[in-house]
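Please examine the sequence and the model shown below, and read the report that follows alongside them.

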Amino acid sequence: MFTYLRRTRGLMLTALLILAALVAMLNPLFAQQGRPDPLLVPNEEPVAELAAEAAPLDERAAVEAALADWLAQGAPTAPPEGALLELPAAVAAAVRQLNQVFIPLLRVRGPGDPGQAPPTTAPITPTPVTPTPAPTPPADVAVTIWPRPSIWVERGGLLEYEIRLVNYGRGTAERTQVTLPYNRNLFTVQSSRLHSSKGDWVSALDPQSFTVSFGPLRSGERRNGVIVLRVNGSLAHATMINMRADVRHDDGANQSNWAPVLVGSGASDSTYAWVAVDPTTGPLGTRYNFMSNRFIPGETVTTWLNMPGGSVSPLDLRGTANSNGSVWLSLTNNSLRPGTYQLVLYGNRSGITGVASFTVR
């Protein structure tokens with residue numbers, strides 16, 4: 001009797017375990033009742049989501065009823081370890097019918113399903129686009145030096161050189177260095193008048209040159225400063241003080257105009273640059289030649305006529321100063337009435353104005 005009860009209890013326990021396994025196996029199948037065609041389900045949709053819905057009661061009831069009938073017919077014999085338990089025909093039919101409908105859904109896998117490797121692709125982080133900065137516009141600094149007195153200077157006297165700067169570029173020149181020749185046999189540097197608040201100062205004084213450094217010069221800005229020299233008192237008559245500046249700034253290098261002065265027994269000054277003319281007089285049809293070497297190298301030189309009565313007549317005559325600052329121009333008199341005229345030459349970068357007179361007979 002005891003053996004029979006133990007055998008019966010073991011068989012019932014086995015039946016309950018089989019029932020639990022079948023229900024666990026069929027639950028995902030029941031859950032798919034009423035879903036769309038499984039072939040239209042995206043492959044990335046997890047099975048867990050497909051099994052979240054409850055199976056219809058009539059399908060679940062049919063399988064449970066088949067299992068109940070099987071158990072009611074008598075306790076099945078426990079199969080040997082490792083053997084498969086054969087299902088009754090009614091239960092097998094119910095499972096087979098369900099598998100025919102729902103098994104295709106088992107092909108749908110998600111990243112977390114057994115046998116499906118988790119995604120390893122790192123999320124794509126967009127690389128921020130760094131805008132290319134616009135190039136800084138260059139500076140274009142023109143330097144003009146102008147002496148006082150401009151023609152003759154007295155022995156032992158003071159000679160001033162005004163340094164004029166103009167930035168014609170669209171960018172700022174943070175620093176401009178103007179270097180001038182220095183010969184102690186001719187003169188010594190006496191003093192300076194500079195805008196120290198703007199960063200202007202005499203930055204170097206060497207045996208052969210001295211340098212004046214200027215602070216930031218914005219686009220279109222003008223600046224000036226003065227260097228005062230003491231002329232040697234024992235110089236011979238007509239000794240020339242030769243002066244031209246080398247210019248360096250952030251965006252380039254160039255030269256100033258040439259501004260020589262002669263040493264004599266007295267001082268002589270003019271507001272105009274020297275210009276030579278040949279011939280100085282002539283009849284109608286004469287060709288007049290003009291020359292000056294006092295401009296900034298490479299600058300454009302334009303002209304006009306001062307008429308005998310005081311009026312001004314524009315001219316199409318123009319030229320470009322060469323690497324030494326020299327320019328040659330010719331004017332043929334085909335219609336000018338008799339009288340004295342002045343040809344005016346104007347340097348478009350330096351602002352230097354030269355005047356030469358000629359006479360029409």
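## Basis of the values

The model is predicted, so local features require pLDDT of at least 70 and side-chain atom pairs count only at pLDDT 80 or more, whereas totals for chains, interfaces and linings use all residues. Residues are numbered from 1 along each chain as its sequence is written, and side-chain values use heavy atoms, with hydrogens and water left out.

## Aromatic pairs

A search of the whole structure finds 6 aromatic pairs, where rings of Phe, Tyr and Trp (its six-membered ring) pair if their centres lie within 6.5 Å, and planes under 30 degrees apart count as stacked, over 60 as edge-to-face and the rest as tilted. Phe290 and Phe358 form an edge-to-face pair, with 5.8 Å centre to centre and 70 degrees between the planes. Because Phe290 belongs to strand E15 (residues 287-292) and Phe358 to strand E20 (residues 353-360), this pair ties together parts that are 68 residues apart in sequence; strands (E, at least two residues) are DSSP runs, numbered from the N terminus.

Phe290 is buried at 1% relative accessibility, and Phe358 is likewise buried, with a relative accessible area of 1%; buried means under 20% relative accessible area, computed with a 1.4 Å probe and protein chains only. Phe358 also forms a stacked pair with Tyr341, at 5.7 Å centre to centre and 20 degrees between the planes. Tyr341 counts as buried at 3% relative accessibility, and ring pairs link Tyr288, Phe290, Tyr341 and Phe358 into a cluster.

## The open sheet

An open sheet of 3 strands runs in the order E2-E12-E9 with mixed pairing, where two strands pair if DSSP finds at least two bridges between them. Strand E2 (152-154) and strand E9 (239-241) stand at the edges with a single partner strand each, so one side of each has no neighbour in the sheet.

E9 and strand E12 (residues 261-264) run antiparallel and are joined by 3 bridges, and Ile241 stands opposite Val261 in E12.

## A buried loop residue

Ser326 lies in the loop between strand E17 (312-320) and strand E18 (327-332), and at 8% relative accessibility Ser326 counts as buried. Leaving aside residues up to four places away in sequence, Ser326 touches Met291, Ser292, Asn293, Thr320 and Ala321, a contact being heavy atoms within 4.5 Å.

Methods. Helix = DSSP H or I, 4+ residues; strand = E, 2+ residues; numbered from the N terminus. Buried < 20%, exposed > 50% of the residue type's maximum accessible area, 1.4 Å probe, protein only.
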